[in-house]
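Welcome, and thanks for taking a look at this one with me.

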Amino acid sequence: MPELPEVEVSRLGISPHITDQVVTKVIVRNGRLRWLVPDEVQLLVGQTVKAVTRRAKYLFIETQAGSGILHLGMSGKLRVVDKDVELVKHDHIDIEFSNGKVLRYNDARRFGSFLWQQPNTTHKLLMKLGPEPLTDEFDANVLFDQSRGKNTVVKNFIMDNHIVVGVGNIYANESLFKAGIDPRKPAGKITKKKYAELTVHIKQTLEQAIKQGGTTLKDFTQSDGSPGYFAQELLVYARTGKECLTCQTIIESVKIGQRNSFYCPSCQG
Ligand SMILES: [Zn+2]
């Protein structure tokens, strides 16, 4: 499943090809995605793309008439191709531009979405989202204040989109390891000082992933259009049974909210 860094790299990849271009056609071959693609997406035709922006894992193709919202779901991929490039299986949507390029959406499992947002409004799916992790709005106070009195385990707490968006499973595991916090600890029992460390590590882990993904950008318009999971240096994720890189204790794993969770019993208190 594409996580926030992959979505941000997709944004960086497609943005230079379609910004300032006029949409000439929107072709929806199969609109039965997670939600039925609304007819309003045709309002993009004739509009100039002002910018490609991101909120959580949603990408916005912004125009004066409104924004097309794309979400990659579990298996969605975006490519920028020339108009005459042949279709492959699961190429469900084409957005054509005046420069002859096409933004092509492929999604085998169809858990992704293509929605519409009117100007100066917020789509209902986006109304209750927490702050973006890479902005100043996300700091230790957010985690500390929201967690008081909560028994939710901290790993689930930081993966909750209402608290902060975009902290996927890999990034939650890695950030908690770096901050020395046991993923099973109740969120309400963690000090502000520890949350300050965790906040820094969440930001750094995501930023590092985006930076690493950026190095694959030159291939974005080729291959399968998927920036994929970047070759990241993972300190704890999927390292069950291996030695902790800090203290040589054996890394353990546990399921938390159905998600695989990895931790060092010695470093993470
Ligand atoms: Zn350790």
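1. Let's begin with an open sheet of four strands, in the order S1-S6-S7-S5 with antiparallel pairing. Its edge strands are S1 (23–28) and S5 (76–82), each of which pairs on one side only. From one strand to the next, the twist averages 15°. Strands here are DSSP runs (E, at least two residues; helices are H or I, at least four), numbered from the N terminus. Two strands count as paired if DSSP finds at least two bridges between them. For the angles, axes are lines fitted to C-alpha atoms (for helices over the stretch in contact), and values run from 0 to 180 degrees between N-to-C directions.

2. A word on the source: this is a predicted model, in which local features need pLDDT of at least 70 and side-chain atom pairs count only at pLDDT 80 or more, while totals for chains, interfaces and linings use all residues. Residues are numbered from 1 along each chain as its sequence is written, and side-chain values use heavy atoms, with hydrogens and water left out.

3. Within that sheet, S6 (residues 91–97) and S7 run antiparallel and are joined by five bridges.

4. S2 pairs with S3 (residues 58–63) in the antiparallel sense, over five bridges. Ala-51 has Glu-62 in S3 as its bridge partner.

5. H1 is mostly covered, with 12 of its 15 residues buried. Buried means under 20% relative accessible area, exposed over 50%, and partly exposed in between (1.4 Å probe, protein chains only). Among the buried residues are Leu-4, Val-7, Ile-14 and Ile-18. After H1 comes Asp-20, whose phi is positive, near 70°.

6. Finally, have a look at Phe-111, in the loop between S7 (101–107) and S8 (113–117). Phe-111 counts as partly exposed because its relative accessibility is 40%.
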